[in-house]
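Colleague: I have just opened this one and have not looked at it before. Could you walk me through it?

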Amino acid sequence: MGRKIAVVVGVLVVLAGLGFLATRIYASMQTGGDVPAPAVGSSAPAATADVADLDGDWTVADGSEAGYRVDEVLSGQDVTVVGRTPQVTGTGTVADGELTAASIEVDLASITTDESARDGQFQGILDTRTFPTATFELTGPVDITAVADGETVSVDALGTMTIKGVAQEVTAGLEIRLADDGGDVVAELAATVPVTFADYGVEAPDLGFVTVEDDGFVEAELTLTR
């Protein structure tokens with residue numbers, strides 16, 4: 001009897017060890033932690049312009065992307081999950097060196113991570129069939145005069161973000177600079193918006209073996225042209 005108990009205990013220990021190892025391997029395979037936070041400074045060199053030349057309407061161009069970043073606890077292992085989509089559109093208006101208006105729309109249903117099962121759950125939680133997009137609308141002017149001198153401007157921008165049909169006032173951290181894209185001057189913009197999911201009627205999933213934190217970030221790296 002004692003020998004049987006010892007064998008059973010040994011098997012349980014091995015299984016527990018394998019489960020822990022599998023969790024560590026799974027966690028190490030997640031690439032979210034390797035995806036840097038949004039920032040400007042592509043391979044294109046910084047550009048300069050007259051302040052008056054900044055005036056006008058700017059449009060989100062190809063190569064832009066947006067998505068989210070959130071932390072999970074997977075069987076005791078911390079995992080950072082990053083989802084991205086290139087399906088982002090929008091415009092911005094500059095007048096007298098100020099960003100006076102901006103509207104950004106993201107196709108939530110096209111956001112993907114490294115796990116299709118997670119993506120399906122994400123779309124279900126946000127009910128992307130009913131609310132396929134998230135939007136951000138600037139609600140106050142932002143001084144960006146310094147970008148004309150080739151500087152990177154870091155500012156806070158007040159706006160309204162709508163997710164799952166719920167609008168909330170938010171503060172977006174922005175980085176903006178001008179870049180020389182083969183002779184054309186483009187604007188690079190990186191945005192980070194902290195979010196608390198419950199504010200949008202979204203309950204962070206808790207599946208027992210994986211728990212999603214209650215807070216996260218909406219992120220974007222945009223190229224804007226005129």
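This is a predicted model: local features need pLDDT of at least 70, side-chain atom pairs count only at pLDDT 80 or more; totals for chains, interfaces and linings use all residues.

Colleague: Which polar contact joins the side chain of Glu 188 to another side chain?

Modeller: The side chains of Glu 188 and Ser 42 are joined by a polar contact of 2.4 Å. The side chain of Glu 188 also reaches a backbone atom, namely the nitrogen of Gly 41, at 3.0 Å.

Colleague: And what else does Glu 188 touch?

Modeller: Leaving aside residues up to four places away in sequence, Glu 188 touches Val 40, Gly 41 and Ser 42, then Glu 175, Ile 176, Arg 177 and Ala 179, and also Leu 222.

Colleague: Moving on to pockets, what volume does the second largest pocket have?

Modeller: Its volume is about 220 Å³. The second largest pocket is lined by 16 residues, and the closest to its centre are Ser 42, Gly 63, Glu 188, Leu 222 and Thr 223, so that list brings back Glu 188 and Ser 42, the pair joined by the 2.4 Å polar contact.

Colleague: Which strands each supply at least two residues of that lining?

Modeller: Strands E9, E10 and E11 each supply at least two residues of the lining of the second largest pocket.

Colleague: How many of the lining residues are charged?

Modeller: The lining of the second largest pocket has 4 charged residues, along with 7 nonpolar and 5 polar ones.

Colleague: Let's stay with E11 for a moment. Which side chain makes a polar contact with the side chain of Glu 219?

Modeller: Glu 219 is found in strand E11, which covers residues 210–225, and its side chain is joined to that of Arg 84 by a polar contact of 2.5 Å. Arg 84 is also among the residues that Glu 219 touches when those up to four places away in sequence are not counted, and the others are Ala 37, Pro 38, Ala 66, Gly 67, Arg 69 and Ala 191.

Colleague: Buried or exposed, that Glu 219?

Modeller: Glu 219 counts as buried, because its relative accessibility is 3%.

Colleague: Where does Asp 184 sit, then?

Modeller: Asp 184 is in strand E10, the strand that also holds Glu 188. Asp 184 is exposed, because its relative accessible area is 52%, which is over the 50% cut-off. Asp 184 and Ala 47 are 137 residues apart in sequence, and from C-alpha to C-alpha they are 9.3 Å apart in space.

Colleague: What about Val 51, which residues does it touch?

Modeller: Not counting residues up to four places away in sequence, Val 51 touches Asp 96, Gly 97, Thr 145 and Ala 148. Val 51 lies in the loop between helix H1 (2–29) and strand E1 (56–60), and at 33% relative accessibility it counts as partly exposed. Between Val 51 and Ala 146 there are 8.5 Å in space, C-alpha to C-alpha, and the two are 95 residues apart in sequence.

Colleague: Changing topic to the backbone, what is phi of Asp 127 near?

Modeller: Phi of Asp 127 is near 50°, a positive value in a residue other than glycine. Most residues other than glycine have a negative phi. Asp 127 lies in the loop between helix H2 and strand E6, and it is partly exposed, with a relative accessible area of 28%.

Modeller: Lys 164 also has a positive phi, near 55°, and is found in the loop between strands E8 and E9. With 24% relative accessibility, Lys 164 counts as partly exposed.

Colleague: Stepping back, how many helices and strands are there?

Modeller: The secondary structure of the protein comes to 2 helices and 11 strands. Of its 226 residues, 38% count as buried, and among contacts between residues at least 6 apart in sequence, 64% join residues at least 24 apart.

Colleague: What is the mean pLDDT?

Modeller: The mean pLDDT of the protein is 85, and 81% of its residues reach 70 or more. Over residues 4–31, however, the pLDDT is below 50, and this stretch has 16 contacts in the model beyond near neighbours in sequence.

Notes:
Residues are numbered from 1 along each chain as its sequence is written. Side-chain values use heavy atoms; hydrogens and water are left out. Helices (H or I, at least four residues) and strands (E, at least two) are DSSP runs, numbered from the N terminus. Buried means under 20% relative accessible area, exposed over 50%, partly exposed in between (1.4 Å probe, protein chains only). A polar contact is a pair of N or O atoms within 3.5 Å; within protein, one must be able to donate a hydrogen and the other to accept it, and residues adjacent in sequence count only if both atoms are side-chain atoms. Contact means heavy atoms within 4.5 Å. pLDDT is the predictor's confidence in each residue, from 0 to 100. On a 1 Å grid over the protein atoms alone, a cavity is a set of points where a 1.4 Å probe fits but cannot get out, and a pocket is an open set with protein on both sides within 12 Å along at least five of seven lines; lining residues have an atom within 4 Å of a point. Grid points are joined across faces, edges and corners, and a volume is the space filled by probe spheres set on the points. Ala, Val, Leu, Ile, Met, Phe, Trp, Tyr, Cys and Pro count as nonpolar, Asp, Glu, Lys and Arg as charged, and the others, Gly among them, as polar.
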